[in-house]
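Here is a short briefing to read alongside the model. Have the viewer open, and follow the topics in order.

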Amino acid sequence: TDLYSITAESITGDSISLSEYRDQALLVVNLAASEALPAIAGLRTLHNTTNNLTVLGFPCNQFGAQEPASNDEILAFAKDRFDVNFPMFAKIDVNGDQAAPLYQWLKTQIPGDIGWNFAKYLINSKG
């Protein structure tokens, strides 16, 4: 398995192949939109001002139950409050048996569980 063979569900329910991001550097972040307001704004700024870098946001409720909202509520909050325009995906688990395929793959590259929200994985343009 490589990065580009993985699919993920967008926050609006569409199936997205990560091959759509081929030749782009990626910053993959598990986030809790409602709990870390400055971090969300910072990710948006980074996404908008860094050439050939795409931020991919993955809401997660595994840490302190800080993201209990539904996907629709998370998206509305992120767009209304921060004008987020980076790709956001459906709420996932990043640790344990139910970890999303992307995070299973990431942890084969850098072993170990995620410790909290806003863990970042920087992936170069070669995947």
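Leu27 has Val55 of β4 opposite it, a handy place to start. This is a predicted model, in which local features need pLDDT of at least 70 and side-chain atom pairs count only at pLDDT 80 or more, while totals for chains, interfaces and linings use all residues. Residues are numbered from 1 along each chain as its sequence is written, and side-chain values use heavy atoms, with hydrogens and water left out.

- Helices (H or I, at least four residues) and strands (E, at least two) are DSSP runs, numbered from the N terminus.
- Two strands pair if DSSP finds at least two bridges between them; β3 pairs with β4 (residues 53-59) in the parallel sense over 7 bridges.
- With β5 (residues 120-123), β3 runs antiparallel, joined by 4 bridges, and Val29 has Lys120 as its bridge partner there.

**Asn95 in its loop**

- Look for Asn95 in the loop between α2 (71-82) and α3 (101-109); this residue is buried, at a relative accessible area of 12%.
- Its side chain makes a polar contact with the side chain of Lys107 at 3.0 Å; such a contact is a pair of N or O atoms within 3.5 Å, where within protein one must be able to donate a hydrogen and the other to accept it, and residues adjacent in sequence count only if both atoms are side-chain atoms.
- A polar atom of the Asn95 side chain also lies 2.8 Å from the backbone oxygen of Ile114.

**Helix α3 and the cores**

- The buried residues of α3 are Leu102, Tyr103, Trp105, Leu106 and Lys107, and they pack against β3, β4 and β5 (contact means heavy atoms within 4.5 Å).
- A nonpolar core is a set of buried Ala, Val, Leu, Ile, Met, Phe, Trp, Tyr and Cys residues joined through side-chain atoms within 4.5 Å.
- The largest nonpolar core has 24 residues, and those touching the most other members are Leu3, Val28, Leu56, Phe58, Leu102, Tyr103 and Leu106.
- α3 gives the most to this core, with 4 residues.
- Apart from this core lies another, of 18 residues, among them Ile11, Ala33, Val55 and Phe118.

Terms used:
Buried < 20%, exposed > 50% of the residue type's maximum accessible area, 1.4 Å probe, protein only.
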